[in-house]
Amino acid sequence: MLSGVPQGSILGPFLYMLYIADLPQSNKTILSTFADDTAIFTTDSDPTQTSTNLQEHLIEIITWTRKWKLKINESKSSHILFTLRQGQCPLVQINHTNIPQTETVKYLGIHFDKHLTWKDHVLTKRKQLEHKTREIKWLIDRHFPLSLENKIIIYKTVLKPVWTYGIELWDCASNSNIEIIRYQSKILRILTNAQWYVTNHTLHSDLRIPYICEVYQERITIHCTTIASHPNPLMAPLLHLPTTRRLKRRRTLDGTH
């Protein structure tokens with residue numbers, strides 16, 4: 001092969017890491033890669049400067065891809081501005097094609113909206129939960145002769161991972177958005193065929209299933225410990241939050257220390 005990496009081979013992932021090891025970086029941006037998913041971040045008080053930083057870095061990357069015969073899919077690329085201000089920043093281009101500016105972007109399974117309210121992510125997860133519930137409802141329905149223990153296992157292995165993925169980040173959303181995903185109590189009532197007078201506290205206590213807030217506290221503690229011991233120096237500053245607080249929003253690390 002003159003370029004690229006063979007797909008499906010045992011050494012494929014390792015060879016790909018070697019192949020993109022010299023992907024150009026810039027001191028004005030942060031390059032984040034996970035396999036072939038690449039994100040470029042930059043920050044500045046001037047929206048025009050942020051676009052300039054991105055465009056300069058993109059030009060270097062485009063030059064690199066041409067040298068090594070790689071193709072960037074412009075139609076799958078997105079440009080988003082995270083800010084509380086009104087307006088947009090200037091467009092950036094890939095191969096003379098404008099990258100569309102979006103209100104929401106999906107990266108590694110998490111949906112980021114421009115104001116970081118997490119509403120779009122929570123709504124998406126709620127829809128996924130409802131879809132998966134309909135698919136397996138015949139298994140967990142009260143008429144199906146399956147033990148409660150096995151039904152709980154199905155919930156923990158099929159449904160729970162949907163709403164716990166990335167919870168270390170999005171549970172700092174406002175209470176009005178978090179209310180959208182109040183799903184666990186509903187599914188526990190289906191599993192146990194509980195009557196209306198049985199409280200949610202009784203369900204969680206008898207089944208020994210922690211509340212969503214308890215799961216979040218446990219996950220964020222593990223997350224903070226991982227960041228503190230991570231060898232990458234870019235991770236440590238994430239634990240040092242700024243002293244200023246905007247719009248009285250909760251932060252991810254609130255209540256963990």
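These legends accompany an overview and several close-up views of a predicted protein model.

**Before you start.** Local features are given where pLDDT is at least 70 and side-chain atom pairs where pLDDT is 80 or more, while totals for chains, interfaces and linings use all residues. Residues are numbered from 1 along each chain as its sequence is written, and side-chain values use heavy atoms, with hydrogens and water left out.

**Figure 1. The protein has nine helices and six strands.** Helices (H or I, at least four residues) and strands (E, at least two) are DSSP runs, numbered from the N terminus. Along the principal axes, the C-alpha atoms fill a box of roughly 65 × 50 × 35 Å. Of the 257 residues, 32% are buried; buried means under 20% relative accessible area, exposed over 50%, and partly exposed in between (1.4 Å probe, protein chains only). The accessible surface comes to about 16800 Å², with 58% of it belonging to carbon and sulfur atoms. These areas come from the Shrake-Rupley method with a 1.4 Å probe, and for residues only the protein chains shown count as cover. A contact here means heavy atoms within 4.5 Å. Among contacts between residues at least 6 apart in sequence, 53% join residues at least 24 apart.

**Figure 2. The largest nonpolar core has 32 residues.** Such a core is a set of buried Ala, Val, Leu, Ile, Met, Phe, Trp, Tyr and Cys residues joined through side-chain atoms within 4.5 Å. Look for Leu159, Trp163, Ile187 and Leu188, the residues with the most contacts inside this core. At least two core residues come from each of several elements, including strand E5 (104-107), strand E6 (110-113) and helix H9 (212-228). The largest share, six residues, is supplied by H4. Leaving aside residues up to four places away in sequence, Ile187 touches Thr133, Ile140, Tyr155 and Leu159.

**Figure 3. Helix H8 (residues 200-207) buries Leu203, His204 and Leu207.** These three lie on the same side of H8 because they cover an arc of only 90° around the axis, taken from the directions from the helix axis to the C-beta atoms. As a reminder, an α-helix has 3.6 residues a turn, so residues three or four places apart point the same way. The buried residues of H8 pack against helix H4 (148-164) and helix H7 (184-192). On the face turned away from the buried side you will find the exposed residues His201 and Asp206. Just after H8, Arg208 takes a positive phi of about 55°.

**Figure 4. Ala194 sits in the loop between H7 and H8.** Its relative accessible area is 23%, so Ala194 is partly exposed. Apart from residues up to four places away in sequence, Ala194 touches Arg189 and Leu203. The C-alpha atoms of Ala194 and Arg142 are separated by 9.8 Å, although the two are 52 residues apart along the chain.

**Figure 5. His121 belongs to helix H3.** With 0% relative accessibility, His121 counts as buried. Its contacts, not counting residues up to four places away in sequence, are Gly109, Ile110, His111, Tyr165 and Trp170.

**Figure 6. Leu11, Phe14, Leu15 and Leu18 make a nonpolar surface patch of about 400 Å².** A salt bridge is a side-chain nitrogen of Lys or Arg within 4 Å of a carboxyl oxygen of Asp or Glu. Phe14 is in helix H1 (residues 12-19) and, at 49% relative accessibility, counts as partly exposed.

Methods
Patch = residues over 30% accessible without salt bridge, like charges linked within 9 Å, V, L, I, M, F, W, Y side chains within 5 Å.
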